[in-house]
Amino acid sequence: LLSGHTGLRANLMGEYKMEEERVNEYPLYKKAEEDHYIFRIKSGNWMVAEERAHVDGNLGWIHTQGAAPLPTSEGVTWQYWDGSKWVPDDAISAIDGERDTA
C-alpha cells in the first residue's frame, strides 16, 4: 500500500500487488486496475511510474530518496516530481498489506 501523498501525484497512491515479472532483478508491483507501477531502478531507488513504458525507461513521478532492498523497508523516505524539481514528502509511505476498510 502506497499512501500519504494528497497533492499533485495523489493518483499514484493505492494498493499495489507484486507481479511475477522482475525489473533490474527486483519485484515489480502493479496498482490494481490501473497502469501504475513501483519498481527498483539500477541505482537502488524505488520509482513509481504512471505507465509501463516509463518502467522500461526508468522514469517516474515519485521515488525513494535513497537505495533500499524493498519499497517497504524501514526508514525509506520518498519524494515527488512537482514539474520542475524533486520535493521531499514525509507523508508518503509504503507498507505491506492492504488498506483497512473497516
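Is K85 buried, partly exposed or exposed? With a relative accessible area of 46%, K85 is partly exposed, where buried means under 20% relative accessible area, exposed means over 50%, and partly exposed lies in between (1.4 Å probe, protein chains only). The model described here is predicted, so that local features need pLDDT of at least 70 and side-chain atom pairs count only at pLDDT 80 or more, while totals for chains, interfaces and linings use all residues. Residues are numbered from 1 along each chain as its sequence is written, and side-chain values use heavy atoms, with hydrogens and water left out.

**The sheet**

- Seven strands form an open sheet with antiparallel pairing, in the order β2-β3-β4-β5-β6-β7-β8, and its edge strands, each pairing on one side only, are β2 (16–23) and β8 (86–88).
- Strands here are DSSP runs of E with at least two residues, helices are runs of H or I with at least four residues, and both are numbered from the N terminus; two strands pair if DSSP finds at least two bridges between them.
- On average, neighbouring strands of this sheet are turned by 25 degrees against each other, direction ignored; the axes are lines fitted to C-alpha atoms, for helices over the stretch in contact, and angles run from 0 to 180 degrees between N-to-C directions.
- Strands of a sheet pair through backbone hydrogen bonds, either parallel or antiparallel.

**Strand pairs within the sheet**

- Strand β3 (residues 26–31) pairs with strand β4 (residues 37–40) in the antiparallel sense over two bridges, and Y29 stands opposite I38 in β4.
- Strand β6 (residues 62–64) is joined by three bridges to strand β7 (residues 78–81), the two running antiparallel, and here H63 stands opposite Q79 in β7.
- Strands β7 and β8 also run antiparallel and are joined by three bridges, with W86 in β8 as the bridge partner of W81.
- The hairpin of β7 and β8 has four residues between the strands, and in this hairpin G83 takes a positive phi near 110 degrees.

**Salt bridges**

- The structure holds four salt bridges, a salt bridge being a side-chain nitrogen of Lys or Arg within 4 Å of a carboxyl oxygen of Asp or Glu.
- One of them joins the side chains of R52 and E21 at 2.3 Å, N to O, and this pair links distant parts of the chain, since R52 belongs to helix α1 (residues 52–56) and E21 to strand β2, 31 residues apart.
- R52 is partly exposed at a relative accessible area of 23%, and E21 likewise counts as partly exposed at 36% relative accessibility.
- Salt bridges link E21, R52 and D56 in a network.
- The side chains of E34 and K31 meet in a salt bridge at 3.4 Å, N to O; E34 is partly exposed with a relative accessible area of 33%, whereas K31 counts as buried at 8% relative accessibility.
- K85, the residue of the opening question, forms a salt bridge with D82, the closest N and O atoms being 3.0 Å apart, and D82 counts as partly exposed at 27% relative accessibility.

**Aromatic rings**

- A search of the whole structure finds three aromatic pairs, and in the pair of Y26 and W46 the ring centres are 6.2 Å apart and the planes stand at 85 degrees, so the pair is edge-to-face.
- Because Y26 lies in strand β3 and W46 in strand β5 (residues 46–49), this pair ties together parts that are 20 residues apart in sequence.
- Rings of Phe, Tyr and Trp (its six-membered ring) pair if their centres lie within 6.5 Å, and planes under 30 degrees apart count as stacked, over 60 as edge-to-face and the rest as tilted.
- Y26 counts as partly exposed at 28% relative accessibility, while W46 counts as buried at 0%.
- Ring pairs link Y26, Y29 and W46 into a cluster.
- R40 lies over the face of Y26, at 3.9 Å from the ring centre; a charge sits over a ring if NZ of Lys or CZ of Arg is within 6 Å of the ring centre and within 35 degrees of the ring normal.

**The loop residue N45**

- N45 has its place in the loop between β4 and β5 and is buried, with a relative accessible area of 12%.
- The side chain of N45 makes a polar contact with the side chain of S43 at 3.0 Å, and a polar atom of the N45 side chain lies 2.8 Å from the backbone oxygen of T64.
- A polar contact is a pair of N or O atoms within 3.5 Å; within protein, one must be able to donate a hydrogen and the other to accept it, and residues adjacent in sequence count only if both atoms are side-chain atoms.
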